[in-house]
Amino acid sequence: MNKEAKARIKINKLLEEAGWRFFDSEDGSANIQLELHTKITQQEFDAFGEDFETTKHGFLDFLLLDERGFPLIVLEAKSEDKHPLSAKEQARRYAKSQNCRFVILSNGNLHYFWDLERGNPYVITQFPKPWSVKGYQTTKPNPEKLISELVTKEYIALTQYPTYKEEAGWKNELERPAFIEKNSLRFLREYQVRAIQSIQKSVKEGNDRFLFEMATGTGKTLIAAAVCKLFLKTGNAKRVLFLVDRLELEDQANKRFKQFLKNDFKTDIYKENRESWRNADIVVTTVQSLLFNNKYKKLFSPTDFDLIISDEAHRSIGGNARAVFEYFIGYKLGLTATPRDYLKKFDHGNARDPRELERRTLLDTYRTFGCEGGQPTFRYSLLDGVNDKFLINPIVVDARTDVTTQLLADEGYSVTVETEEGEQEETYFQRSFEKKFFSEPTNYLFCKTFLEKALRDPISGEIGKSIIFAVSQHHAVKLTQILNELADQIFPGKYQSDFAMQVTSQVSDAQQFSINFSNNNLGGSANFNPTYKTSKARVCVTVGMMTTGYDCEDILNLCLMRPIFSPTDFIQIKGRGTRTYEFTKDLHDPVLKSEIVSSKKINYKLFDFFANCEYFEEKFNYDEILKLPARTKIGTGSGSGIDTGPTTVIEGYERFDPDALKSLQEQQIGLEGMKIDRMFFEKFEERVKEDEFIKTNVQEGNWERIVEYVSTHILDKPEEFFTLDKLRKAAGVDRRLSLREIVEKAYGFIQQFKSKDDLLEEEFEKFIADTKPEKPEIIMPLKYFFKAYLTDNRVRDIIENKRLTELNTNPTFTMQDFKAVPAAWRTRVPDYIKDYVPLNQFM
């Protein structure tokens with residue numbers, strides 16, 4: 001069977017699965033099938049005419065029909081070894097001859113959907129369903145109308161209250177602030193207007209993907225609402241999909257969109273309106289809910305949304321989530337607070353360095369939105385916000401104990417411990433803290449230093465509202481206890497073990513705790529002054545819940561009692577404190593309010609106990625550098641209480657009984673694995689699916705925490721002794737699986753593991769979609785080079801070191817293969833792979 005025939009068979013199958021009625025000219029008959037798979041009648045077929053498939057513009061491959069039997073989409077098929085876009089102009093002529101607005105270009109493996117009234121073809125991973133295309137057809141894009149739409153600072157306010165300017169409360173300048181607050185009117189700032197106008201300019205230039213790089217606290221959700229209005233009002237979108245990566249952000253976005261746009265547009269959360277989401281103008285959902293069991297492919301068609309917005313784009317389109325984002329065609333907008341050049345000083349030669357993964361993620365984010373050069377559609381940095389007086393920079397408190405200084409050193413912290421065999425030396429580094437290395441006096445010193453140096457509330461004088469980031473749930477428990485004990489000493493009788501509260505995923509109602517803290521009623525309020533509404537609880541101790549998207553403007557202290565290795569997390573954590581705030585707004589005592597000289601938040605403190613700022617080479621002015629006294633003594637104390645010595649825990653088990661070989665057999669096991677291996681894998685899946693911590697974090701999309709938790713609490717334990725190597729072997733896949741993939745499979749996000757060849761095909765399709773080679777005849781040579789460079793260490797070494805003559809004797813990729821690759825692509829392919837494709841997944 002030739003490659004053209006293979007492509008047509010695949011296309012026929014995809015059309016049938018999507019429920020299309022279609023005409024296949026290759027058969028010479030109407031191979032039109034509905035959900036019931038009934039043939040079209042001869043009378044219907046005859047209505048097309050005797051030479052239906054041969055138009056005056058050429059020979060038609062497939063014609064897709066609507067429910068009435070009228071032409072709706074022209075599908076142009078190419079053989080598997082040809083790029084679908086090579087048939088672009090041919091298909092355009094066919095579509096015009098049949099009065100069709102839509103075109104699909106496919107070679108059976110790679111597919112493009114093309115709306116002739118919108119612009120360029122989009123890569124799709126699945127054919128759209130008939131009903132979705134009919135709905136999409138009702139949207140008549142009018143870029144000129146979008147470009148000419150007037151966007152001013154009152155763009156949102158006019159939707160909230162169209163006649164606000166006619167009201168007495170607005171006309172009276174003295175009453176205007178109260179009028180605005182009462183009606184929750186939101187006016188765009190000048191830079192927010194410029195952000196929206198940048199999209200209008202980009203559309204004018206022919207672009208359909210946009211990226212906003214904006215610091216935390218600059219109002220990205222408000223801007224997103226304005227962008228939704230821009231596209232919906234001008235008719236360039238019928239429906240908008242807003243993707244987030246956490247449950248709390250889903251609820252937050254839904255509330256904000258309703259607050260800003262409810263008078264003109266309907267917003268729904270998908271999971272709460274599974275049967276009626278099509279009635280909404282804006283659909284908000286977590287990417288995880290769509291990934292589960294590939295739900296997005298089963299319930300949605302690629303044409304269901306005309307604008308897709310990815311909040312915290314570096315997270316919500318990372319990994320498998322990118323498949324959801326790319327599944328839908330239409331305009332794409334990404335929002336991110338993480339600049340691509342954050343790691344510009346980082347030498348990315350070490351693939352195992354955690355910053356390397358971040359670098360690839362950031363590069364991939366910018367590439368996804370057509371900003372490979374590093375310039376987003378619009379940028380508004382933290383420094384811009386500080387200069388414009390909308391944001392504030394921190395006072396960084398770099399605090400290191402003797403212990404943490406040694407943990408941070410290249411040599412690590414070495415201790416000698418007593419074992420049954422005598423003294424043994426162990427070395428620990430910052431990653432070991434509160435995982436394998438424990439020191440209660442160090443935790444005590446962290447908390448004491450924090451309380452002594454923390455900024456105070458300008459109204460009540462109590463410790464300013466603070467968030468402390470711990471290593472783990474167990475660490476958070478310890479810190480919370482120490483802080484409450486110290487608070488009893490500093491503020492006798494003021495707190496009842498509620499000065500600090502643990503807000504982590506293992507605590508019931510933790511999400512509500514974070515909301516209450518923001519609303520100033522966690523544990524009560526007005527503890528020091530009955531007329532001043534501020535939260536009684538002053539400190540939330542968390543691990544990762546209050547990082548991304550958490551809004552609490554009156555935070556005065558952030559404290560890193562843990563090392564951080566993700567620049568994205570670091571930027572997000574810093575962003576929790578950058579917003580300005582006027583504290584008198586919570587004071588309901590006019591006399592006291594008039595006496596207060598200064599109550600505006602002008603800075604906040606960022607306590608850094610693990611040199612995180614130094615790690616990321618951030619150029620802060622270290623206003624305070626504290627050298628803390630040593631409080632360590634190596635011993636074997638119990639670790640209970642805050643006055644005991646440190647506890648050093650050495651995990652592991654060593655068997656000393658003699659053993660001998662009794663028998664030996666050899667058997668070659670295939671990729672399917674042994675039955676015991678498959679049962680072993682299923683047992684692991686059951687184990688992680690029953691774990692409440694993993695369940696909660698899967699729902700929230702906290703994959704870093706899940707991987708860390710599984711590594712420390714499930715793997716390498718004596719009960720079942722699950723190991724990553726055993727799980728990889730049991731999976732029976734010809735490549736290295738990541739722990740995240742294995743857990744995703746257990747929870748149904750992945751139906752089956754992709755083979756090495758599946759991944760290679762997927763990466764090559766991305767490469768072709770991004771680089772768009774103009775000549776289809778170079779596709780196969782590029783593919784061969786791409787795969788060889790990715791999978792063959794020797795080929796990669798030859799190319800990188802320019803020892804090209806060795807290709808003459810290389811069996812897998814020869815000099816002839818190399819010469820078939822056009823000269824310009826010989827460097828372009830390796831450069832692309834280095835920037836965007838992680839090599840370790842093919843090992």
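I'll start with confidence, then go strand by strand.

This is a predicted model, where local features need pLDDT of at least 70, side-chain atom pairs count only at pLDDT 80 or more, and totals for chains, interfaces and linings use all residues. Residues are numbered from 1 along each chain as its sequence is written, and side-chain values use heavy atoms, with hydrogens and water left out.

The protein chain averages a pLDDT of 78; that is the predictor's confidence in each residue, from 0 to 100. At least 70 is reached by 79% of the residues. Over residues 28–58, pLDDT is below 50.

Now the sheet. It is open, with 7 strands paired in parallel, in the order β11-β12-β10-β13-β14-β9-β15. Strands here are DSSP runs of E, at least two residues, numbered from the N terminus. They pair if DSSP finds at least two bridges between them. Which strands sit at the edges? β11 (267–269) and β15 (378–380), each pairing on one side only.

Next, β13, residues 307–310. 4 bridges join β10 to β13, and β13 pairs with β14 (residues 331–336) over 4 bridges too.

Is β13 covered on one face or both? Both: Leu 307 and Ile 309 are buried on one side, Ile 308 and Ser 310 on the other. Buried means under 20% relative accessible area, with a 1.4 Å probe and protein chains only. In a regular strand, side chains alternate between the two faces of the sheet.

Technical notes. Contact = heavy atoms within 4.5 Å. Buried < 20%, exposed > 50% of the residue type's maximum accessible area, 1.4 Å probe, protein only.
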